[in-house]
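Let's take a walk through a protein chain together. Have a look at the sequence and the structure first, then read on.

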Amino acid sequence: YTDTAITNGAMRWAKKTGAGNTGWQVTEGDTGKRNLASLLAPGVTGYLAIQRVNQMLFIEGQVSGIAGGTVITLPGGFKTGSAVLRWPILAVHAGAPYAARAYTVDPGGNDLIVQSVTGWTPTTATSWQITASCALKSNTAWPTTLPGVPV
């Protein structure tokens, strides 16, 4: 099926499973880059953009905050739908001395979380900054609405 209106960035769909109107998946689509700064958790500031091209998610940004925890709950259609994934990091600064750390997506692929994988435990007094860019595979349905604003 070809969607000539390119609804939510989806142009071509293919019937993969099921009967009737179920089992359709996007085979060619691009949501365009979306600025999700308005969806950042309280106390988190900065820029975070996400884009979905076919079944790949592209995330980039620079965010900072105090303490650890959720940075953002990823909107529908922009989730990984898989177990914990460690994302590449260019830099995370937690007080002095500066040290490279890691952050992960939670077990449902729903949240971007500041979390230790190297023995560092964020506290309420810890300030941090993440500068990152990564690509992940998504096995979730195409977004029904586009979050944030176009970049």
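Which pattern does the chain follow when you read along the sequence? Here it goes: β-β-β-β-β-β-β-β-β-β-β-β. Counted up, that comes to 12 strands and 0 helices. Keep in mind that what you're looking at is a predicted model.

Now for the chain as a whole. Here are some overall values:

| Property of the chain | Value |
|---|---|
| Share of the 151 residues that count as buried | 37% |
| Share of contacts with a separation of 6 or more that join residues 24 or more positions apart | 57% |
| Share of the accessible surface that belongs to carbon and sulfur atoms | 57% |

That accessible surface comes to about 7800 Å².

Next, the inside. The largest nonpolar core has 15 residues, and those touching the most other members are Leu 40, Val 44, Leu 48, Ile 50, Val 63, Val 71 and Ile 72. Strands β4 (45–53), β5 (56–66) and β6 (69–73) each give two or more residues to this core, and β5 gives the most, with 3 residues.

Finally, the pockets. The largest pocket has a volume of about 160 Å³. Its lining has 5 nonpolar, 4 polar and 1 charged residues, including Trp 13, Arg 52, Gln 55 and Trp 142. Which strand gives the largest share of this lining? That's β2 (residues 24–29), with 3 residues.

Note on methods:
Residues are numbered from 1 along each chain as its sequence is written. This is a predicted model: local features need pLDDT of at least 70, side-chain atom pairs count only at pLDDT 80 or more; totals for chains, interfaces and linings use all residues. Side-chain values use heavy atoms; hydrogens and water are left out. Helices (H or I, at least four residues) and strands (E, at least two) are DSSP runs, numbered from the N terminus. Buried means under 20% relative accessible area, exposed over 50%, partly exposed in between (1.4 Å probe, protein chains only). Contact means heavy atoms within 4.5 Å. Accessible areas come from the Shrake-Rupley method with a 1.4 Å probe; for residues, only the protein chains shown count as cover. On a 1 Å grid over the protein atoms alone, a cavity is a set of points where a 1.4 Å probe fits but cannot get out, and a pocket is an open set with protein on both sides within 12 Å along at least five of seven lines; lining residues have an atom within 4 Å of a point. Grid points are joined across faces, edges and corners, and a volume is the space filled by probe spheres set on the points. Ala, Val, Leu, Ile, Met, Phe, Trp, Tyr, Cys and Pro count as nonpolar, Asp, Glu, Lys and Arg as charged, and the others, Gly among them, as polar. A nonpolar core is a set of buried Ala, Val, Leu, Ile, Met, Phe, Trp, Tyr and Cys residues joined through side-chain atoms within 4.5 Å.
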